[in-house]
Amino acid sequence: MKKTKILWTDDEIDSLRSHIIFLEEKGFEVVTANNGTDAIELVKNNFFDLMFLDENMPGLSGLQTLNEIKAFDPHLPVVMITKSEEEDIMDEAIGSKMADYLIKPVNPIQILHSIKKNVDQRRLVTERTTSAYQNEFSKIGMQISDKLSFTEWVEIYRKLVFWELELSHSEDSAMDDVLRMQKAEANNSFAKYIRNNYQSWFGKNPEGRPLLSPDIFKKKIFPQVDSGNKVFVLVIDNLRYDQYRVLATVLNNYYRIEEEDLYCSILPTATMYARNAIFAGMMPSEIERHYPEYWEDDDNEGHKNRFEHELLQKQLSRLNRNYKLFFEKIASVKGTRKMTDYLGNILQNDLSVMVFNFVDMISHARTEMDMIKELASDESAYRSLTLSWFNHSSLLDLLKLLSENKVKVILTTDHGTIRVDNALKVIGDRETNTNLRYKLGRNLNYNSKSIYDIKTPATIYLPSRNVSTSYIFATNTDFFAYPNNYNHYAQYYRNTYQHGGISLEEMIIPIVTMTPKG
């Protein structure tokens with residue numbers, strides 16, 4: 001096993017011989033230097049896992065040496081050792097991106113702890129995370145069942161996402177595989193739960209009905225405005241709960257999370273159904289019946305969401321809400337360049353709503369562009385790409401300004417997405433839609449027990465193109481492909497992110513109320 005290699009630089013290095021012998025007996029390789037110039041040359045010509053650096057040396061000081069080394073090797077952890085406890089020196093060292101800070105005199109145990117903290121941290125994190133998940137694995141496995149309530153499914157999904165994020169910091173890829181298998185088991189049981197319960201949520205006496213897409217404004221948003229808050233609603237299309245969790249690491253700098261809830265997207269978990277239901281406060285068939293001018297019956301996703309502003313205004317009118325409303329939809333990257341210009345509109349209105357499609361664009365681009373596919377090669381990379389976009393987006397600039405102006409923010413989405421890998425053959429006529437996770441049409445022909453089929457769409461408040469229209473929904477990581485050129489499309493869409501069907505990732509989605517800090 002490779003030894004951990006340490007560079008210790010101190011103008012009184014000979015007086016530290018006992019410390020160095022202690023480390024060597026512990027199995028570390030220690031190289032020494034008694035001035036900053038020699039230390040810089042050693043770093044340029046050798047690889048070190050960690051460096052101990054005296055702050056007060058003749059010639060180049062510790063801080064000067066640190067700056068030179070960081071310019072050459074920014075990833076080398078450097079632990080500063082000094083006699084001084086003056087705040088300005090500590091601030092300067094911290095600002096120079098040192099890994100740790102020790103005050104003389106140091107003892108061998110302090111040195112050993114610093115090594116473990118900076119060199120062995122990833123290994124220790126991996127071991128502890130792996131051990132903790134192994135202990136939790138059987139508990140979660142025993143909880144998974146299609147007999148659970150929706151609230152219990154939410155808690156299981158929270159746990160799975162928690163461990164997914166924890167294991168993403170681990171180097172044990174075997175545990176990633178174990179978690180994937182457990183998520184697959186959970187999704188299989190969740191699909192059975194939806195098949196057994198979804199229709200009952202729309203009966204005369206619904207049992208166990210969770211918060212659904214049409215309920216969002218009435219139950220979560222309007223009460224905040226009624227309480228006198230100026231509210232900004234941000235709907236990020238296609239945002240999964242795990243993606244929200246990584247964005248929350250940034251949002252926590254500016255907002256206090258007042259309530260982090262998870263609600264259930266309606267079926268199909270597709271933009272034209274779920275998002276229209278949010279803004280209308282109605283199920284899709286009700287929208288079609290009451291506002292036929294706002295319901296498009298073609299297969300173009302963009303066309304079916306052209307009237308979200310109008311549908312929200314209709315909901316406000318039905319519920320006798322006379323708010324001053326600002327509504328904006330950002331459907332392209334070009335539209336994000338002047339996000340902060342919207343601040344004045346938001347401050348002048350009681351309720352402001354912005355729909356943001358960037359995460360959905362990442363999902364589609366990953367299917368069509370090899371570069372994005374490489375950048376988002378797995379779930380962790382997909383989250384990282386989402387976080388990178390958010391950190392450098394003008395949307396974040398706008399949210400910072402809203403925090404400064406004491407505007408309450410409600411962040412939500414219309415549905416999530418899942419990475420698919422198993423193609424299922426389905427046959428339909430030329431009017432059958434093209435979505436890969438759900439189909440609607442006449443005489444749909446398929447052969448799979450895992451599919452959830454609805455022969456009478458009216459029972460779940462979905463519109464019908466004709467009397468023989470039926471819907472089918474893919475579950476788990478399945479997706480639908482036509483027999484024509486089947487192998488090509490099965491390969492092309494495998495390992496892409498899709499939505500429209502039934503899974504924890506698509507249906508259990510965040511709605512978060514945030515109060516500005518300060």
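In the predicted model, five strands form an open sheet in the order β2-β1-β3-β4-β5, and the pairing is parallel. The edges of this sheet are β2 (29–33) and β5 (100–103), each of which pairs on one side only. From one strand to the next, the twist averages 20°. In general, the strands of a sheet pair through backbone hydrogen bonds, either parallel or antiparallel.

Within this sheet, strand β3 (residues 50–54) pairs with strand β4 (residues 78–82) in the parallel sense, over 4 bridges.

A contact between two helices was examined next. Helix α11 (residues 271–280) packs with helix α13 (residues 308–318) at an angle of about 35°, and the axes of the two helices are 7 Å apart. On the side of α11, the contact involves Arg-275, Asn-276, Ile-278, Phe-279 and Ala-280. These residues meet Glu-308, Leu-311, Leu-312, Gln-315 and Arg-318 in α13. By class, the contact of α11 with α13 comprises 5 nonpolar, 2 polar and 3 charged residues.

Thr-417 is located in the loop between β10 (408–412) and β11 (418–420). Thr-417 counts as buried because its relative accessible area is 0%, whereas the cut-off for a buried residue is under 20%. A polar atom of the Thr-417 side chain lies 2.9 Å from the backbone oxygen of Gln-498.

The protein chain as a whole was then described. The chain has 20 helices and 19 strands. Of its 518 residues, 53% are buried. The accessible surface of the chain comes to about 23700 Å², and carbon and sulfur atoms account for 47% of this surface. Among contacts between residues at least 6 apart in sequence, 75% join residues at least 24 apart.

Technical notes. Residues numbered from 1 in each chain as written. Predicted model: local features only at pLDDT ≥ 70, side-chain atom pairs only at ≥ 80, totals over all residues. Heavy atoms only, no water. Buried < 20%, exposed > 50% of the residue type's maximum accessible area, 1.4 Å probe, protein only. Contact = heavy atoms within 4.5 Å. Areas by Shrake-Rupley, 256 points an atom, 1.4 Å probe, with all protein chains shown as cover. Axes fitted to C-alpha atoms, helices over the stretch in contact; angles between N-to-C directions. Nonpolar A, V, L, I, M, F, W, Y, C, P; charged D, E, K, R; others polar. Polar contact = N/O pair within 3.5 Å; in protein donor to acceptor, adjacent residues only side chain to side chain. Pairing = 2+ DSSP bridges.
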